Amino acid sequence: SLALAHGAHRLGKRTDPMMERWRNYGLGQFIHWGVYAIPGGQWNGASYGGAAEWIRSWKGMPKEAYDNLYKEFDPENYDPSALAKQAKEMGAKYMIITTKHHDGFCLWPSEYTDYDVTNTPYGKDIIGPLVEAYDAEGIDVYLYFSVMDWNHPGYRSVLATEEDRSAYESFKEFTRNQLLELLERYPTTKGLWFDGTWDEAWKEQAEFADNLATEMRKKIPGLIIGSRFRPDDYGNRHFDSNGDLMGDYEQGWERKLPETYEDTNGNDWDCVMTIPENQWGYHSDWRGHVKTSYELIEMLVKSVSLDGNFVLNFGPDAKGDIRMEEKKLATEIGQWMSKNKSAIYNCGHIDWEKQDWGYYTQNRVTGEVNMVVFNKPINSVLRIKTSSKISLQKIYDLNDATKIYDPEEISQDEYIIQLGDEELAEPKVIVIKYDHSKGETKGYEKAKT
Ligand SMILES: COc1ccc([C@@H]2N[C@@H](C)[C@@H](O)[C@H]2O)cc1
């Protein structure tokens, strides 16, 4: 393998308490908020077909007009504790807030730019009260930060000339200053979620990014940073030139999910997901499919079954209100989570063969296996194929203690249980308690073929 000065500094998963806590969250909330919520995907009577937070890049939005929107930013309905309570009700264990998106507008009072909340009619820090409100609800806070910054004069996507390089040095210093400022102002932050790091200019900054990550971790020991921050010595990101994961977890699953455990390379990972097909910031005209709570619960369960976290995005509007569709989903997901959280929190992958009825999650504390059933077969029979000779102790409905399932062994390490005739009104969790010591060698001999 290549000798890398700025590649992965650790092989395998982080095993410290802060990362264990991260690994056991299961469900998170993303919040995308900024001046892009003011146009909300519309301008001059035309609707932007892209993601609302990218409207500045649309030819239908004059840059000058966009860059003056901050003068209208005055979210009179912004209510951090209401947002935190809603997230609590949904069952989120952590929240990621956009401190600065690609447009460079800062939701905190930054010493290093005037393009921030203090120069808006609202005039106050947005981030601080949100951090306090979420901390008060026991929901860990992570800060989203876009390296790419369309507002900073020193930003470059490519370093072609000497002028580019000297301008970019000022941009790098600005970026470092802002990040250290954020960690200074919000020391309860548990981690950073970086974005906007794909440009060529940034891919040349292996040493700078490595040193900055070290410096940030000195300020907040144990700080959790994903794979989308640093480039390695050769400009490779997420995985270094030896194929090793850079950062504490893989940050590659944006609006998509891994299909199999192999797809995860056995790493920690998060999936960040929009409710419509592709809107992070508030768009007043959601086109196409808006995901239902069952679709989102299935994505959540699938994520946990493959050792990942599922982070659902919310986009407050210009006034700071949460739109009706998002409120409804937070409530519906919360209702399911209130009854089934033991199949999500502190749970992860078990290598039992995946079945069509749904997903397994294993509780890392109790060892119990949860069958999360989404699809009831026509014969109401659920097949369970375990990985090794185990002795099943008890199989029961998590939400109906009177419902015990009696497994019938149909071949080696393979059982079936019979569901009742009732319709599956919502994803059902069935708990399997089993003795982890090797069971006696019962079961059929494999046929010699
Ligand atoms: C070039 O493709 C994209 C797509 C989405 C993004 C941003 N990442 C998401 C988490 C949102 O912040 C979106 O604006 C950046 C680049």
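Select Ser-110 and show its surroundings: leaving aside residues up to four places away in sequence, Ser-110 touches Asp-116, Gln-178 and Glu-181. The model on screen is predicted. One of these neighbours, Glu-181, makes a side-chain polar contact with the side chain of Ser-110, at 2.7 Å. Ser-110 belongs to the loop between strand 4 (94–100) and helix 4 (127–136). Is Ser-110 buried or exposed? Its relative accessible area is 8%, under the 20% cut-off, so Ser-110 is buried.

**Aromatic pairs**

Next, show the rings of Phe, Tyr and Trp. The whole structure contains 30 aromatic pairs. Pick Tyr-168 and Phe-171, a tilted pair with 5.3 Å between centres and 40° between planes. About one helical turn separates Tyr-168 from Phe-171, because they are three residues apart in helix 5 (residues 162–185). Both Tyr-168 and Phe-171 are buried.

Move to Trp-352 and Tyr-434. Their ring centres lie 5.5 Å apart with the planes at 50°, so this pair is tilted. Here the pair links distant parts of the chain, 82 residues apart: Trp-352 lies in the loop between strand 11 (347–348) and strand 12 (358–363), and Tyr-434 in strand 19 (residues 428–435). Trp-352 and Tyr-434 are both buried.

For a cluster, select Trp-33, Tyr-70, Phe-73, Tyr-78, Phe-105, Tyr-115 and Tyr-122, which are linked by ring pairs.

**Charges over rings**

Two lysines come next. Lys-93 has its charged end over the ring of Tyr-345, 4.4 Å from the ring centre. At Lys-394, the charged end sits over the ring of Tyr-396, 4.7 Å from its centre.

Now select strand 6 (residues 191–195), where five of five residues are buried. In a regular strand, side chains alternate between the two faces of the sheet. Which residues of strand 6 lie on each side? Gly-191, Trp-193 and Asp-195 are on one side and Leu-192 and Phe-194 on the other; all are buried, and both faces of strand 6 are covered.

Phe-145 stands opposite Phe-194 of strand 6. Show helix 5 as well: strand 5, helix 5 and strand 6 form a right-handed β-α-β unit. Helix 5 is also the helix that holds Tyr-168 and Phe-171.

Finish with strand 7 (residues 224–225), joined to strand 6 by two bridges in the parallel sense. The bridge partner of Leu-192 in strand 7 is Ile-225.

Methods. Residues numbered from 1 in each chain as written. Predicted model: local features only at pLDDT ≥ 70, side-chain atom pairs only at ≥ 80, totals over all residues. Heavy atoms only, no water. Helix = DSSP H or I, 4+ residues; strand = E, 2+ residues; numbered from the N terminus. Buried < 20%, exposed > 50% of the residue type's maximum accessible area, 1.4 Å probe, protein only. Polar contact = N/O pair within 3.5 Å; in protein donor to acceptor, adjacent residues only side chain to side chain. Contact = heavy atoms within 4.5 Å. Phe/Tyr/Trp six-rings, centres within 6.5 Å; stacked < 30°, edge-to-face > 60°. Lys NZ or Arg CZ within 6 Å of the ring centre and 35° of its normal. Pairing = 2+ DSSP bridges. Right-handed = clockwise from strand over helix to strand, strands pointing away.
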